[in-house]
Amino acid sequence: MLKFIQSMFYHEYPPPPALQPFIQCFWMLEHDYREPFHTHEHLWADVHAELIFTTGEPYYRNDPPGVNPDNTPQRPEDRKESLPQNFLLGPQTKQTLLYSDGFTGFIAARFHPWGLSTFSSPKATDLIDNILPAIRALKPDCSALVENLQNRSREEKLQLLTSYLETHAPKQLPPEHQKTRAIAAALQAEHGRQTIAALTKEFRINPRMLERNFLQYIGLPAKLFARILRFNHAKNLIEQNPDIGLAALACETGYTDQAHFSRNFRQFFGLSPARFKAKIKKFKTDTAGQDHDVVFVQD
């Protein structure tokens, strides 16, 4: 996928065969965040982890307004948490907003939910809702990779990152890891709508073993993993058709209670499904006739 949206460059690259069991895709993004149409990145609950190497202005997070230890109000600069230049973004269970004060570019590897644990130093559960420096998060030393990525072309960066991961990828996964991969892939294929009981029966696995394997290799409990998949399916359905009704969305994503569906959606995205539908409608109206394969919605 190659898209130019005003000053934005976005491109996805498929992984080579040796990395396909671990990596969903490589991708690049280059953007000047001073452009008013897209001033920050709105991340949402997602079961994938991202390994990101940036250039230019670093990303940062703004914490909600609070008070200092002496009870004085925090200034905006006190709430600004700069991210490392190169970092691992673990699977997320809630929204995260990332900001930049200028031009930021990066190359990234998006891991399958089961793919990162082979390469990471921390336990999979310690990566959830976490952002860690790449040099601390990766088991193989990446300091030489970080240095080599400087002042390289897009194609050279892709080759360097691909070679680094190929060098450290295992030839074969342990049986428990392989079974976890198969179960997670089955959940993805059905957008998380199967019950845990049905999965344990289909894959002939004890429920406690399934849960233990999910925590070890993915970091998320199986039920939460499925709920996040259902949320992302609902989000994609809204992006495709913002006129879809909430009752239809709830039914399509396996909810019998519309209110429960709406609460989960807001928990994972920071917006209600009704508000997100309205924003997508406005986006499609404002960009009528343009390609909507890449959707960016500002808060």
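**Exercise 1. Backbone at H191**

Task: Locate H191 in this predicted model and state what sets its backbone apart.

Solution. 
1. H191 is found in the loop that runs between α4 and α5.
2. Its phi is positive, about 55 degrees, although H191 is not a glycine.
3. Most residues other than glycine have a negative phi.
4. The relative accessible area of H191 is 28%, so H191 is partly exposed, given that this class lies between 20% and 50%.

**Exercise 2. The aromatic pair of W44 and F269**

Task: Classify the ring pair of W44 and F269 and work out which parts of the chain it ties together.

Solution. 
1. A pair of aromatic rings is described by the distance of the centres and the angle of the planes.
2. For W44 and F269 the centres are 5.7 Å apart and the planes are at 70 degrees.
3. Planes over 60 degrees apart count as edge-to-face, and the pair of W44 and F269 is edge-to-face.
4. W44 belongs to the loop between β4 (40–43) and β5 (50–56), while F269 belongs to helix α9; the pair therefore ties together parts that are 225 residues apart in sequence.
5. W44 has 27% relative accessibility and counts as partly exposed, whereas F269, at 3%, counts as buried.
6. The structure holds 17 aromatic pairs. Ring pairs join W44 and F269 with F231, Y255, F261, F265, F268 and F276 in a cluster.

**Exercise 3. Charges over rings**

Task: Identify the ring under the charged end of K235 and the ring under that of R154.

Solution. 
1. The charged end of K235 sits over the ring of W44, 3.6 Å from the ring centre.
2. The charged end of R154 sits over the ring of F9, 3.6 Å from its centre.

**Exercise 4. Packing of α7 and α10**

Task: Describe how α7 and α10 pack, from the geometry of the axes to the residues in contact.

Solution. 
1. Two packed helices are described by the angle between their axes and the distance between the axes.
2. The axes of α7 and α10 come within 9 Å and cross at roughly 35 degrees.
3. The crossing is right-handed.
4. On the α7 side the contact is made by K235, I238, E239 and Q240; on the α10 side by P273, F276, K277, I280 and K284.

**Exercise 5. The nonpolar cores**

Task: Find which residues of the largest nonpolar core touch the most other members, and which helix supplies the largest share of this core.

Solution. 
1. The largest core has 37 residues, and L210, F214, L220, F225 and F265 touch the most other members.
2. Helices that each supply at least two residues include α4 (175–189), α6 (207–217) and α9 (258–269).
3. The largest share, 10 residues, comes from α7.
4. Leaving out residues up to four places away in sequence, F225 touches V47, P113, A184, L187, Q188, F214, I218 and L220.
5. A second core, separate and of 30 residues, includes F119, L127, A134 and L149.

**Exercise 6. The chain as a whole**

Solution.

Technical notes: Residues are numbered from 1 along each chain as its sequence is written. This is a predicted model: local features need pLDDT of at least 70, side-chain atom pairs count only at pLDDT 80 or more; totals for chains, interfaces and linings use all residues. Side-chain values use heavy atoms; hydrogens and water are left out. A nonpolar core is a set of buried Ala, Val, Leu, Ile, Met, Phe, Trp, Tyr and Cys residues joined through side-chain atoms within 4.5 Å. Buried means under 20% relative accessible area, exposed over 50%, partly exposed in between (1.4 Å probe, protein chains only). Helices (H or I, at least four residues) and strands (E, at least two) are DSSP runs, numbered from the N terminus. Contact means heavy atoms within 4.5 Å. Rings of Phe, Tyr and Trp (its six-membered ring) pair if their centres lie within 6.5 Å; planes under 30 degrees apart count as stacked, over 60 as edge-to-face and the rest as tilted. A charge sits over a ring if NZ of Lys or CZ of Arg is within 6 Å of the ring centre and within 35 degrees of the ring normal. Axes are lines fitted to C-alpha atoms, for helices over the stretch in contact, and angles run from 0 to 180 degrees between N-to-C directions. A crossing is left-handed if the near helix is turned anticlockwise from the far one by less than a right angle, and right-handed if clockwise.
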